[in-house]
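I opened this notebook to record what I looked up in one model.

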Amino acid sequence: MTTIERPVPPLNVDERTTLEGWLDFHRTTLAMKCEGLDDEQGAVASVPPSGFTLTGLVQHMAEVERNWFRRVFAGEEAPPLYDPQADPNGPDGGFELAEGATLRDALATWRAEIARTRELCAGRALTDTGRFMGQDVNLRWTYVHMIEEYARHNGHADLLRERIDGATGV
């Protein structure tokens, strides 16, 4: 039984509210896919030989939030969370589970990154830019990319959750 309320993106509002509404919708969808699972269930792999797990997916999305909003948009020096040796300008990691990794901790870290994202974006224009691969990238593009990133990975999360306990449809 789901206790998380997922906000329906507003149907007739300005562009920024639309983008932020869809991003929050997809963030909430990921949280709903993890709801009620324990750490052991969060570490269940999708299909052998893959090690893809919900915990790893949540860790990955924390890295993605950190990369696009902190490093790219705000220009912060924010080292990778889950692989300190990884290239901070390389692909977003986080999928692998370190010994002792828990779904609870991954969710807390992910939520902290989302909170930081909201702080960094508050009061900024959709046309404000950060730097990516030597080029300007605006907040609008970043929001659209993040919506796409979450939508794609929520499909993975749906399949993982169904494998764990049969829950579908959120």
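The entries below cover the conventions, the core, a helix pair and a loop residue.

**Conventions.** I worked from a predicted model, in which local features need pLDDT of at least 70 and side-chain atom pairs count only at pLDDT 80 or more, while totals for chains, interfaces and linings use all residues. Residues are numbered from 1 along each chain as its sequence is written, and side-chain values use heavy atoms, with hydrogens and water left out.

**Core.** I looked up the largest nonpolar core and found 33 residues. Such a core is a set of buried Ala, Val, Leu, Ile, Met, Phe, Trp, Tyr and Cys residues joined through side-chain atoms within 4.5 Å, where buried means under 20% relative accessible area (1.4 Å probe, protein chains only). Helices H1 (15-34), H3, H4 (103-121) and H5 each supply at least two of its residues, and H3 gives the most, with ten. Leu 30 is among the residues with the most contacts inside this core. Beyond its neighbours within four places in sequence, Leu 30 is in contact (heavy atoms within 4.5 Å) with residues including Val 58, Trp 110 and Tyr 150.

**Helix pair.** I then checked H3 (residues 54-73) against H5 (residues 139-165): they pack at about 175°, with axes 10 Å apart. H3 is therefore roughly antiparallel to H5 (an angle over 145 degrees). Their contact comprises 15 nonpolar, four polar and three charged residues.

**Loop residue.** I noted that Met 133, although not a glycine, has a positive phi of about 50°. Met 133 lies in the loop between strands E1 (129-132) and E2 (135-138). Met 133 is exposed (over 50%), at a relative accessible area of 69%.

Methods:
Axes are lines fitted to C-alpha atoms, for helices over the stretch in contact, and angles run from 0 to 180 degrees between N-to-C directions. Helices (H or I, at least four residues) and strands (E, at least two) are DSSP runs, numbered from the N terminus. Angles under 35 degrees count as roughly parallel, over 145 as roughly antiparallel, 65 to 115 as roughly perpendicular and the rest as oblique. Ala, Val, Leu, Ile, Met, Phe, Trp, Tyr, Cys and Pro count as nonpolar, Asp, Glu, Lys and Arg as charged, and the others, Gly among them, as polar.
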